[in-house]
Amino acid sequence: MKLKFFIVLMFCTGLFSCKKEFLEEKPSKSLLVPTTFADMQALLDNYRIMNFQAPGLTMLATDEVILGDATWSALSTAPQRNSYVWAADLAEGATIFEWNNPYMAIFYANVVLDGLDNMSDADKDSPEWKKLRGAALFFRGSGFFYLSQLFCEQYDDKANANLGIPLPLHPDVNRRYGRGTLQETFDRILMDLNEAYTLLPEKEVSKIRPTSLATAAMLARINLTMGNYNEAGELANSCISKYDGLIDYNVLNPSSFNPFEETLPNGNAEVLLYMASVSYAFQGASTTTVDPNLYALYEEIDTRKKIFFTTNTAGLINSRNYGGISLPEVYLISAECYARNNALSESMVMLHRLREKRYIKNSIAQQTVLSRDEALRLIFIERRKELSCNSRSMRWYDLKRLNKEQLYETTLKRYVNGQVHELLPNDRRYVYPIPDQEIIRHQHVQNQR
Amino acid sequence: MLCLSIAVIKLNAQGALTGQVFSKQTKDPLRGATIKVHETNQTLIADSNGKFKLILSNGDYRLSIINIGYLKKDILVNIPYEGLLLIPLLNDTTLLDEVTISTGYQKISKERLTGSVVRVDNSLIERRVSTNILNRLEDVVPGVVFNRSGLSSRKSPMSIRGQSTLFGNTDPLIILNNFPYDGDINNINPNDVEDITILKDASAASIWGARAGNGVVVITTKQGSNIGGPKVNFSSRVTIGEKPDLLSSQIMGSSDYIETEKRLFALNFYRSTELSAARAPLSPVVELLIAKRDGLIDPRTADEQIEGMKLLDVREHYLKYLYRLPFNLQQSLNVMGGNQSGKYYLSAGWDKNLETLRANDFNRVTLTANNSYLFLNKRLELSANVNFNQNNNVVQNLGSANITLSSLGAIYPYAQLVDDSGNSLPIANNYRLSYVRSAEQKGLLDWAYKPLDEIRYADNTTNYRELRGDFGLSYKVIDGLRAKILYQYIYGNSIGRNNRSQETFFTRNLINTYSIINANGSVTRPIPLGGILDQTDITSNSHQLRTQLSYDKQIGKSHYISFLSGYEFKDGETQSRSFRIYGYDDMHATGQLVDYQKNHVSQVTPTTTTLRIPYMDIMGSLTDRFVSYFANGAYTFDSQYNAYASIRLDQSNIFGVNTNQKGIPLWSTGLAWNIDRAGFFKVREINALKLRFSYGYNGNVDRSLSAYTTAQYYAGSTVSTGLPYATIQNPPNPNLRWERVSVMNTGIDFSLFNSRLSGSFDYYIKRGKDLLGATPFPPSTGITSFRGNYAHTKGKGVDISLQSINVKSILNWQTNFIFSYSKDIVTSYELIAANANYLEQGINGGFPLVGKPLYAIYSYKWAGLDPLNGDPMGYLADNISKSYAQMQTLTPVDKLIFNGTSRPLYYGAVRNTVSFKNISLSANISYRLGYYFRKSSISYGGNQGLGGHSDYELRWKNAGDELKTFVPSIPASNNARRDIFYAYSEILVDKGDHIRLQDVNLSYDLDSKLSKFGIKGVKLFVYIDNIGLIWKANDFDIDPDFQGIPPVRTYSFGINLNL
């Protein structure tokens, strides 16, 4: 009988013998719930999310590339074809990664910011915490900026009346944000990036991680877009004063497979932050050629003519510029801001500092100008030449920005299948439509095209 | 049950015994029953009243009573015997009596069941021939359907009573003897299976709790028997199939293809490819057109060659060189037996499948030893089962899937695999042949892609071994109380080995892509010469332990109670590792070092592309843990009223502990009334009648979700940064819960007219609660879709099963009829998606819509073709329109046409079995009704429909064609929206209803003729599967379930030998 009692007892006690830890084991070892600094860093180092915010479609919509009729017809997706001819229905229902990619990076940034907020006070005092917060704020602010340049009107004195973009500030995906005004969008962009600027270190181990220098460059670009020339100039100058990494193109080998050192993990001294654009078939297509008008801007003594461009067997000109947020743009911002403030000689000094690294040694002298307008025109040409045809390209931003000044406005023209397409300055089609997927699920006001 | 009172009166040495034999069900006397007295060897026959009279000396006697159609009965009598000895016999075809049902936890007599359960016995399992045991349930069980779209060959796509989850796991839970079996179903040898029980409603399945939401399939393997032996059984089956009917695939033919290529060429369509730096390949026709344009070939010769290609069809080469007649061989041998103190079952099985794709095969060996012993005066039962199986899958031939022209995807239809003298031919793949030739001349490896040589050089096998050990102790503590411990260990190891030697295109191509030709003509190869070996090792270990106490007791005359409780846990771990070796030398098993960190220059596009050598070393570690507590109890009063209740709590490591703690136990309850046992019930025509009712909850699990933000961690060695990084897998969801399914089931089981007609009828209502749903999110949230407990569904249905013995004499004719009706409606789903989502994904259950079935077909209203240019026309706000963009963005979802469900509402089968003497013939006809399908058709895309659907031939060409065809014309310019409108318009949707002659089985029993050779039984059979459609409702003249290539007809021959 004792044995029987023992058996029954054994069965009953067995019910309570299971420990809680047994169920706490992770289902997969590679799964993590982000809580530590290392986890946050790993999320921010997912560069294929964080550093893929720059737009790719815009290059098709500017005067940098030319597609033949057949190439245009054969483009695999509607957004590419329609960008080229500025069609009103841009996406034909397809996904627009220029919208999705920055928002995905913003979501990651918000997850990190929220995780950092939940840390202990002791952790919050550490330099690691500051650096991570700075990096997350940088990616969020820059994401909002890239979005605003495609899906909003150009920033100007009507920013309080124009529509902005949704500004999610929390990782909870169930919250919904309206479009707000363009002013609110730019206020948030500046708030995020200004704080990031104070938190980030000057140097990092990889070009995918934001630094205070990259933030200064980004802030300079944004202030230039907003017409805050004093702020933009100061930021640009402070950046240059801390780091002068311009490469002398005379040392590069134009016949090399790739004249530039790989940016990743930590090459190409001119790049302040690696930032890639959405990739499309047209970028690699052999029949996509550089606009001859752009190519003609480069003189024979300009080393960039051979370094940036190659011709293929069919005589077509392809581009092989490098990408990212880079130092040359900062020089150009500085030069422009001097010129805007009528400091013409400082402007030309700054422009020459860049040009002397681009032209065959001792082949050019510093330019002299008689007017602000003359200076600006030189700078705008240099911007086209230096920042062409890739994710560094500022052409779309410059077209939008400069069309607001009658002196510098541009009308774009396309000839496709015998038809002429025209994009007048300040046309409504300078604002991309918000993709169907967003509009349908979140009743925003659509941009009229 | 029946009075068998024995009065013990001592009189003289001899006495008379009078008895009466009658049917237990009908109470009819059984005339002609044979009564045999073993001790005296007397035999006599009962009279017309079923009565008999015997004169015997005093003492104990054993009588055997035999009557055809009834189970043999042995009884002991003591003479003298006063009064009439009543001998009831059981009908041997009775469905309801004396059958026990295994739930995996316990065996319950079917009389006491309150739930909806179907048992498939051994003869029905053996009627079909298949490698996969679950396939044998198709068209024989009401409520079970095998879905037929997008499924692989050996995985089971079965669903029980529709689908009660949206995006969770849809597989039914498989129980192998006592424990859930998560392994590959192909590891079970169908010849070892004794029976299969399908638990359909909550009362039957909820004992399995959180994983029973999709129903439960309990597979019971053969065990020894306590009476005699050894019994030996040998069976062998050979199956031969036809080749797939590739020529029926609806693809643009060579002539149309070439004409389209010519038109595109004239439009400069190929210019970009021709000039591409990547040297993208072009088809032979385009190459000829280029040569003709450039004056490199005589124009007339070029035209002649092109015309010649119009007569070629690559599918003929596929059939001849890629396919063969499939041949499957299945052999098994088993021995079983035992005595009062133990029993055993030993078996060996061997399968060899030569698949229809040449050079691919599947081999399986299974070995089983089941033993059990009784100790301590039969109070303690010890059982030990060991099962080992090994299967080996060789995949050398990927069929036509890998034969592509990379820039366009699909291969041109006039491709040829061999030349006239039988030599393997190269086809352009990845690069233009001119480039490939020049690269070879510069010193690179042969770069030609010859599809047939690839099959020859391939060496790709997956080897799987599984060892399963079961150990059980069962101890009778006191009368009725039993304590049980069951333990199972499974070790599984799978090794996938793909050795691509330097002869294979994959390896030559990779080596060449990275090769650098130096100025002096030498070649540097960052990827060394030799093969490339990819190997994947997956090892899993799983322990499952269950302890349970059960109490079964008949108390007094009219109370029977049964109670069971216990707990179980599972700890499963899977470790995986895959790696790649470059420069592999198979003879010496050596590899070579490569530089993963360096950026190498691409041989093809050196100016634009740098490459890293693919690093393929990956490790993974998965843990799967469950802890469960369960209890159930049943009470039966007076053998006619049954009540049942069960409860179960599951916890696992999937969601994180907090979520589990919030979990609620799943329960069920049921009632049953055996009306035929009631005192007042005196209908002679009704042999058995039972009413059942049950209600309760099952659950379901989605293993991919967590309540926390989870991220997947990557080492970073493969990316350019070299830094570790993490990707967010799922956004935080603090409200995550288990999915629950409530099921209400009412049923009747009956047996009429001397059991000539029997069957069951079940009606059920299912409600899915807190189902996990993926919802499209606005991309501004950072994600495009999100999973949470969003959805609720409601389903109802009917399962009917009838068995009728139509003729019963020397000729027997039996009909089995099964019918199921199953309808699901989404009752709550918060968010509404774009109408494109419903059109494109509704058919696959991707986007639930409230008030509609989960699997639904929607379409655009069709207004015919434009008589002017053959454009398809639809409606925009009730007006005929061609504004496709507006139709697609502005048509509200409720203005789309809802055609109906894409899964059959009604389905079932009729199986007729006719047997004459030793010959038996049966045929199964299955039907599926009340559903819709969408026909595929031409989509013109950016290349005028090149290589698309053969509807191209029927397209609108001239005014007036709109009266004859619905296929739009080639559009003037690319128009994605126009293609989408046509593809999802109502004109392409039709009824899927059809009736199919599924299979026929003819068998012959030789038993009586061979008994003198010591052979107890021999059965020979022929079985033909997938015979064909008998009727279909659609006007397109296509098989709605197999729009691509229909399943091949197979012929099986088998022998079953009992010794």
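Which residues of helix 10 of chain A meet which residues of helix 11 of chain A? From helix 10 of chain A come A:F186, A:I189, A:L190, A:L193, A:N194, A:A196 and A:Y197. They meet A:S212, A:T215, A:A216, A:M218, A:L219, A:I222, A:N223 and A:M226 in helix 11 of chain A. Contact here means heavy atoms within 4.5 Å. By class, that contact has eleven nonpolar, four polar and no charged residues. Nonpolar covers Ala, Val, Leu, Ile, Met, Phe, Trp, Tyr, Cys and Pro; charged covers Asp, Glu, Lys and Arg; the others, Gly among them, are polar.

Some ground rules. This is a predicted model, where local features need pLDDT of at least 70, side-chain atom pairs count only at pLDDT 80 or more, and totals for chains, interfaces and linings use all residues. Residues are numbered from 1 along each chain as its sequence is written, chains are lettered from A and ligands numbered from 1 in the order in which they are written, and side-chain values use heavy atoms, with hydrogens and water left out. Helices (H or I, at least four residues) and strands (E, at least two) are DSSP runs, numbered from the N terminus.

Back to our pair. Helix 10 spans residues 182-199 of chain A, and helix 11 spans residues 212-226 of chain A. They pack at about 155°, with axes 9 Å apart. Axes are lines fitted to C-alpha atoms, for helices over the stretch in contact, and angles run from 0 to 180 degrees between N-to-C directions. So helix 10 of chain A is roughly antiparallel to helix 11 of chain A. The cut-offs: under 35 degrees is roughly parallel, over 145 roughly antiparallel, 65 to 115 roughly perpendicular, and the rest oblique. Their crossing is left-handed. That is, the near helix is turned anticlockwise from the far one by less than a right angle; clockwise would be right-handed.

Next pair. Helix 7 (residues 97-117) and helix 9 (residues 127-151) of chain A have axes that come within 9 Å and cross at roughly 155°. That makes helix 7 of chain A roughly antiparallel to helix 9 of chain A. This crossing is left-handed. Among the residues in contact are A:W99 and A:Y103 of helix 7 of chain A, and A:W129 and A:F144 of helix 9 of chain A. By class, the contact has 16 nonpolar, two polar and four charged residues.

Helix 9 of chain A has another partner to look at. Its axis and that of helix 19 (residues 395-402) of chain A come within 10 Å and cross at roughly 60°. Helix 9 of chain A and helix 19 of chain A are therefore oblique to each other. The contact is made by A:F145, A:Y146, A:S148, A:Q149 and A:L150 of helix 9 of chain A with A:W396, A:Y397 and A:K400 of helix 19 of chain A.

What does the record say? UniProt, in an unreviewed entry, places "domain: SusD-like N-terminal" at residues 21-224 of chain A. Those positions are in the numbering used here, feature names are shortened, and annotations may be inferred rather than shown by experiment. Over residues 21-224, chain A is 54% helix and 2% strand.

Now a sheet that uses both chains. Which strands form it, and in what order? Three strands form an open sheet in the order 1(A)-37(B)-38(B), and the pairing is antiparallel. Two strands pair if DSSP finds at least two bridges between them. Strand 1 (31-32) of chain A and strand 38 (725-730) of chain B stand at the edges with a single partner strand each, so one side of each has no neighbour in the sheet. Helix 2 (residues 37-44) of chain A packs on this sheet, touching strand 1 of chain A and strands 37 and 38 of chain B. Five bridges join strand 37 (residues 710-714) of chain B to strand 38 of chain B. One bridge pairs B:Q712 with B:T727.

On to chain B alone. Twelve bridges join strand 33 (residues 618-637) to antiparallel strand 34 (residues 641-652) of chain B. The two form a hairpin with three residues between them. In the turn, B:D638 has a positive phi of about 55°. Most residues other than glycine have a negative phi, and most peptide bonds are trans.

Last stop: cis bonds. One joins A:L264 and A:P265, with omega about 0°. Another runs from B:I79 to B:P80, with omega near 10°.
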